[in-house]
Amino acid sequence: MSEVTDWRSRAACRHTDPELFFPDCTAGPAIDRAKQICDGCPVRARCLDWALSNGAAVGIWGGRTEAERHAMAAASTQPVRRAWRWSPR
Ligand code: SF4
């Protein structure tokens, strides 16, 4: 496993149904449940950084929804993050 992806082996969600992190909604209990798992994740910051740096446009990463990450990216001083284009569902 590469250094880039080895943080995933410590993810709190590694044995969780991935569907939980890619809900068909933008708010509600499903998102709250995913965020609860992220809250206890030892690699939350790394996950969020990866999502912001790679423009992960869908799903919950680092405890943040796509709309929340979009707001973070828009406010970022890092060009790679500011350049991220996102369209609300
Ligand atoms: S922060 Fe959330 S989505 Fe990211 S690895 Fe941890 S549990 Fe999974």
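This is a predicted model: local features need pLDDT of at least 70, side-chain atom pairs count only at pLDDT 80 or more; totals for chains, interfaces and linings use all residues.
Let me begin with S53, which is partly exposed, as 14 other C-beta atoms lie within 10 Å. In these terms a residue is buried if 20 or more other C-beta atoms lie within 10 Å of its own, exposed if 12 or fewer, and partly exposed in between, with C-beta atoms placed from the backbone. S53 belongs to helix α2. Its C-alpha atom and that of A73, 20 residues apart along the chain, are separated by 8.9 Å. Q78 and S53 are 25 residues apart in sequence, yet 9.1 Å apart in space, C-alpha to C-alpha.

Residues are numbered from 1 along each chain as its sequence is written.

The confidence comes next. pLDDT is the predictor's confidence in each residue, from 0 to 100. The chain averages a pLDDT of 86, and 82% of the residues score at least 70.

Now the overall arrangement. The chain has four helices and zero strands, and along the sequence the pattern reads α-α-α-α. Helices (H or I, at least four residues) and strands (E, at least two) are DSSP runs, numbered from the N terminus. Of the 89 residues of the chain, 16% count as buried. Two residues are in contact if their C-beta atoms, placed from the backbone, lie within 7 Å. Among the contacts in the chain with a separation of 6 or more, 43% are between residues 24 or more positions apart.

Which residues make up the largest nonpolar core? There are 10 of them: A34, C38, V43, C47, L48, A51, L52, I60, W61 and A73. Both α1 and α2 supply at least two residues of this core, and the largest share, four residues, comes from α2. A nonpolar core here is a set of buried Ala, Val, Leu, Ile, Met, Phe, Trp, Tyr and Cys residues joined through C-beta atoms within 7 Å. In soluble globular proteins, nonpolar side chains tend to be buried together.

Next, the ligand. How many residues surround the ligand? The shell holds 14, and the closest are A11, C13, C38, C41 and C47. The elements giving two or more residues to this shell are α1 (29-39) and α2 (44-54). By type, the shell divides into 11 nonpolar residues, two polar and one charged. Ala, Val, Leu, Ile, Met, Phe, Trp, Tyr, Cys and Pro count as nonpolar, Asp, Glu, Lys and Arg as charged, and the others, Gly among them, as polar.

P23 is in the segment before α1 and is partly exposed, with 17 other C-beta atoms within 10 Å. Leaving aside neighbours within four places in sequence, P23 is in contact with A30 and I31. The C-alpha atoms of P23 and I60 are separated by 8.6 Å, although these residues are 37 apart along the chain.

A27 also lies in the segment before α1. Is A27 buried or exposed? A27 is exposed, because 10 other C-beta atoms lie within 10 Å. A27 and T65 are 38 residues apart in sequence and 8.9 Å apart in space, C-alpha to C-alpha.

Q78 is placed in the loop between α3 (66-75) and α4. Q78 is exposed, with 11 other C-beta atoms within 10 Å.

Notes:
A residue is near a molecule or strand if its C-beta atom, placed from the backbone, lies within 6 Å of it.
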